[in-house]
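Welcome to a short tour of the side-chain contacts in this model. Please have the sequence and the 3D view at hand as you read.

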Amino acid sequence: MGLVNHTVSAVVKPIARWVSKTKVKTYEDVKHKLLKYHPRADVGFLESAYAFAAKAHEGQVRKSGEPYIIHPVNVAFILADCKLDIETVAAGFLHDVVEDCNIEAEELESRFGKVVVRIVDGVTKIGKVRFRDKTQAQAENYRKMILAMAEDVRVLIVKLADRCHNMGTLASLSEEKRKRISQETLEIYIPLAHRLGMSQLKSELERHAFYYLEPESYFQLSEQLAEKEKKQGKFLLSTIKKINRILQDNKIKAEVSSRIKSKYSIYRKMKRKACTLTGLYDYYAFRIITKTVEDCYKVFGLLHGEWKHIPGRIKDFIATPKANLYQSIHTTLISKDGQPFEVQVRTRIMHRIAEEGVAAHWTYKNGKLINLGNNDFVAWLRRMADDQKEVPDTDEFLESIKGQLQAREILVFTPNSEIKTLPVGATPLDFAYLIHTEVGHTAIAAKVDGKMVPLRSELQSGSIVEIITRKNQKPGEEWLSIVKTHSARAKIRAYLREDERVKTIEEGRHLFDKELKRNKISPNSINNTKIQAKIGEFGKKKIEDFYSAIGFGSITPKSAIKPFLPEDPHELKKLEEKREQRLHRAIEKVTKQSRHLVRVKGHTDIMVNLANCCNPIIGDGIIGYITIGRGISVHKKGCRSFSSQNVNPERKVEVVWDADAEQKVFLVNIKVYTEERTGILADITDAINKSSTIVQNLRASVNEEKNMGIFEINLQIHSLDHLNKVIQTLKRVKGFLSYERSH
Ligand code: MN
């Protein structure tokens, strides 16, 4: 046994007010405590909880050799000392019966009701959390996990009381266990107590943890403090007297006291400032408890009139409460002989909240649980919750706290036991993006606790999550509805935007080249250098932006190619003429095709255009697409040019040919390929005439290389049936090879 260990074992003395080896608390003690603040408490209920626990733990002993029931009774006592409601105190008696005595939750519920079971259940659950790592970040995550697991804030309070009593009885455990448990208390439970504002519980836990982790420092500091207190005794007393006189002179009623701060907080401060106790002047403080907030400020002013103060040491936590709702005014004054001393001024309610935190909000009046009416606490909860839900009075108060503490976060593990924090409702896809953007982009599924699950399933706290990726996987629009985190959504959006941008650029390049070809300019002759030289005219610096603007429609293909058109006036004129012809034909076509050819389901009188790319005719399967400013354009189903465009599925509409449309005439271009033989032109015109079809235009040419005749024919067609008939006749012409319907 080491020296340190020996020291500790030898000095297991009552160091805490709740834990005393000589004065173990009994059921009677708990009952008396409870009746003090809750005179109408249902004693029968309390007693039956105690009796049930006593029976369940019968025969069990603690490491110290004491009967086990001593532990739950002391936990219940701590809870009663914190003035908690009767259910919580009862849960203190019962908190270990599920875990240690194999009592079923159902049995507990039928005897003691839902609340007690919920608390006991929560405490049992937290007891099972294993703390694997000790780094700061991990500790914070475990605290959050515990918060998330506690459905009711009272679960945490019972757990803290449980830990408090256990800390007080660590002496009977091995040194290794003592240190481990103390370390865990320091890292996990003390910050939780702090967060709940339960400073009494917190300082008890701190005292024990300090005592077991740094026994030598603990004793050294205790001795030093005792000595200081002796020396300072006179000063403390005279200062209290002086403050009291000032208060009396000004007719302010308040309680004045002095206190040495907790050993652990002094120790921490000494370590932080790397100084000895002599170098610290704020290891003790005077406390003035007033009746009203107004008095707080009055007292503050009076003190500053009497003593000099240290500038920069005034802290008004009344105007700006700490996150855990602590309120007080702090200031540091300097005595006549140059000694600094700290003063804290607060009201009684502020004092209770400072000492008891969350627990201060349970209080009894005439046997009824009431809220202390401190609106700031409610405001604080709201702030924590960042939602504006009204927090109503007492009955729903517990519910509201529960809501606040049911963290909006879950914690999950990577396969390497790293903890990741995600909002409630997060999916494996969020997790994937949290790991790495690339993992997110290529995720196809996930394994949660070894089981394959889809990416949209909801993750639960405590799960181990593994992401399965595939190289060619890509994010899609629908992923936006799967993820819950902003960052994952932003990453998916960025990907989609980039994807869209690439597509738009491609589309722009395509439109640009097409327009060049239409003007008989080979796209190959317009290289990037030439384009780069001209795009300044469009206010663009990069070729990509130029193409993108064309693809997006902010630059029309026509205007885009203008700078690239030949400058020869003759050539220009020819192009101009061609363009005019085309325009003329287009107008002709549109006017011939009545706008009542096509009906849009559910609408009348909508401007409808037959698309130029596929020139649908009656009988063709068609689909409508709502364009911007040009009504509905009608494409043939399966039109390649349409499907290659960036089609927004929401703008697709169902359209049908109008029954009256039979009368109309469509211009259809077909290309017929034939063998090269004399007389074939006559045969073809003959065949078309036989099918009583009017030829608007016909151009014949010969491909000498392939020894092939090519006929571009412009026909007036009434319907698809009509066209098919014409094709049938053409097919019977000797030497017919193939045909295509062209644009
Ligand atoms: Mn316990």
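The report below goes through the metal site, the salt bridges, the aromatic pairs and the charges over rings.

## About the model

This is a predicted model, in which local features need pLDDT of at least 70 and side-chain atom pairs count only at pLDDT 80 or more, while totals for chains, interfaces and linings use all residues. Residues are numbered from 1 along each chain as its sequence is written, and side-chain values use heavy atoms, with hydrogens and water left out.

## The manganese site

Let us begin with the metal. His 71 (NE2), His 95 (NE2), Asp 96 (OD) and Asp 162 (OD) coordinate the manganese ion at 2.1 to 2.4 Å. Along the chain, these donors follow the spacing H-x23-H-D-x65-D. Because His 71 belongs to helix H4 (residues 70-81) and Asp 162 to helix H9 (residues 153-168), this pair ties together parts that are 91 residues apart in sequence. Both His 71 and Asp 162 are buried.

Some terms used here: donors are N, O and S atoms within 2.8 Å of the metal (3.2 Å for Na, K and Ca), and sites may look incomplete because water is not among the atoms. Helices (H or I, at least four residues) and strands (E, at least two) are DSSP runs, numbered from the N terminus. Buried means under 20% relative accessible area, exposed over 50%, and partly exposed in between (1.4 Å probe, protein chains only).

## Salt bridges

A salt bridge is counted when a side-chain nitrogen of Lys or Arg is within 4 Å of a carboxyl oxygen of Asp or Glu. By this rule there are 21 salt bridges. One of them joins Arg 501 and Glu 544, at 3.5 Å from N to O. Here the partners come from distant parts of the chain, with Arg 501 in helix H20 (residues 486-518) and Glu 544 in helix H22 (residues 543-552), 43 residues apart. Arg 501 is partly exposed at 32% relative accessible area, and Glu 544 is partly exposed at 39%.

Arg 741 and Asp 620 form another salt bridge, with the closest N and O atoms 2.7 Å apart. Arg 741 is in strand E23 (residues 736-742), whereas Asp 620 is in the loop between strand E15 (608-610) and strand E16 (622-626), 121 residues apart. Asp 620 is buried, at 7% relative accessibility. Glu 712 and Arg 699 also meet in a salt bridge, at 3.8 Å from N to O. This pair ties strand E22 (residues 708-717), which holds Glu 712, to strand E21 (residues 694-703), which holds Arg 699. Glu 712 is partly exposed at 34%, while Arg 699 is exposed at 56%.

## Aromatic pairs

Rings of Phe, Tyr and Trp (its six-membered ring) pair if their centres lie within 6.5 Å; planes under 30 degrees apart count as stacked, over 60 as edge-to-face and the rest as tilted. The structure holds 24 aromatic pairs. Phe 45 and Phe 112 have ring centres 6.0 Å apart and planes at 75 degrees, so they are edge-to-face. Phe 45 is in helix H3 (residues 43-56) and Phe 112 in helix H7 (residues 105-127), 67 residues apart in sequence. Both Phe 45 and Phe 112 are buried.

## Charges over rings

A charge sits over a ring if NZ of Lys or CZ of Arg is within 6 Å of the ring centre and within 35 degrees of the ring normal. Lys 25 places its charged end over the ring of Phe 77, 4.8 Å from the centre. Arg 62 lies over the face of Tyr 68, 5.8 Å from the ring centre.
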